[in-house]
Amino acid sequence: MSSYDAFLLLSFGGPEKTDDVIPFLENVTRGRNIPRERLAQVGEHYFLFGGVSPINQQCRDLIEAIRADFDANGVELPVYWGNRNWDPYLEETVAQMARDGVRRVVALATSAHSCYSSHRQYIEDIDRARAAVEDAPHIDLIRPYYDHPGFIESFADNTVKALERLPAELRPGARLLYSAHSIPETMAQASGDPRQDYGPTGAYEAQLAEAARLITERVGGGHRYELVYQSRSGPPSQPWLEPDINDRLAELKDEGVEAVVVVPHGFVSDHMEVKYDLDVEALETAGKLGMRLERALCPGTHPAFVAMVRDLVAERSEERPPAGLSRIVRKCHECPPDCCKIR
Ligand SMILES: CC1=C(CCC(=O)O)c2cc3nc(cc4[nH]c(cc5[nH]c(cc1n2)c(C)c5CCC(=O)O)c(CCC(=O)O)c4C)C(CCC(=O)O)=C3C
Ligand SMILES: [Fe+2]
């Protein structure tokens, strides 16, 4: 790993006290078309948890696990952390790296898929932060990793554990619901490389479908499975990816499904979108319908996920071609400049 001299964890950021909630939401939604009512609702989700988003602590835990894993495997890179929307802001981290004399950085975002919000926006964050800092280091962002064996394995393991929490008689018929963040259809269509054919849906949905297939295969038991979406935002007039998990639960109830395991494979840690939109809201929907719902944990600091980070760093350092389990072939590490850009 000679070509890099630092590792950077790049994340979303979240508030850690009540007073930070509104300024955080203003940061997230600046320049976006989000209705005021939606913002007020989301604010309440954070207030319900005392104004503390779980995401920053999850990043600290992941960094600690990566640090230990690097040390145990002779990877001598210092580990830095910077966020898009909250302290520690990426720009301050880049400034710190410059002061520390760091020249070449390999970065991993806490987001595994291709779309503007999950990948392109992080590249823009890097460009903006570097432009603001004198002598900023060069920063390479690791490619989307939704089909890396470590990502798939950590979700398969956590899904098996969630199935085991269901009463034994409900297990065989349990439907697996793979949940990801809904995004505007325009963002979904624009996701991925415009020169590559991902089928009718765009890269984001195609990647989610592939990962769901791969995880289900490893879970075994012949469970039926499908994709659902959560955390829809934006004005009602704008189409976003569907079905919403809550609507789908009602339909499944009518079809006679008694138990579901929700697998939030669109996320890498159990942050607020998972803790509220699934563990509060979807659980309540299932309860009202008289269905059993168990939620698989996100990778967090799962050993297979932590080992994946080290492998991705090695893959990029050694300029190995991107390797994954998906049928969607990725040709290069760097995205072309028009990847995931909404036109
Ligand atoms: C694809 C995707 C991911 C997954 C990939 C990834 O992880 O990056 C993700 C993650 C997250 N989203 C988060 C929070 C929010 N997202 C919002 C708004 C939006 N998300 C979008 C997409 C995504 N979001 C989009 C298209 C919007 C509309 C506005 C815009 O076009 O940008 C809003 C505004 C209010 C609302 O409308 O909900 C909030 C507060 C948090 C932090 C949670 C915590 O605090 O623990 C995390 C990890
Ligand atoms: Fe979001």
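How many bridges join strand β5 to β6? Select β5 (residues 175–181) and β6 together: 6 bridges join these strands, which run parallel. Helices (H or I, at least four residues) and strands (E, at least two) are DSSP runs numbered from the N terminus, and two strands pair if DSSP finds at least two bridges between them. Along the way, click L176, which stands opposite Y225 in β6.

A quick note on what's loaded: this is a predicted model, where local features need pLDDT of at least 70, side-chain atom pairs count only at pLDDT 80 or more, and totals for chains, interfaces and linings use all residues. Residues are numbered from 1 along each chain as its sequence is written, while chains are lettered from A and ligands numbered from 1 in the order in which they are written.

Now show the whole sheet: it's open, with 4 strands in the order β6-β5-β7-β8 and parallel pairing. β6 (225–230) and β8 (292–295) sit at the edges with a single partner strand each, so one side of each has no neighbour in the sheet.

Last stop, ligand 1: 28 residues surround ligand 1, and the closest are G14, S53, S233, H271 and M272. Here a residue counts if its C-beta atom, placed from the backbone, lies within 6 Å. Elements giving two or more residues to this shell are α1 (21–29), α2 (36–48), α5 (116–131) and α10 (272–275).
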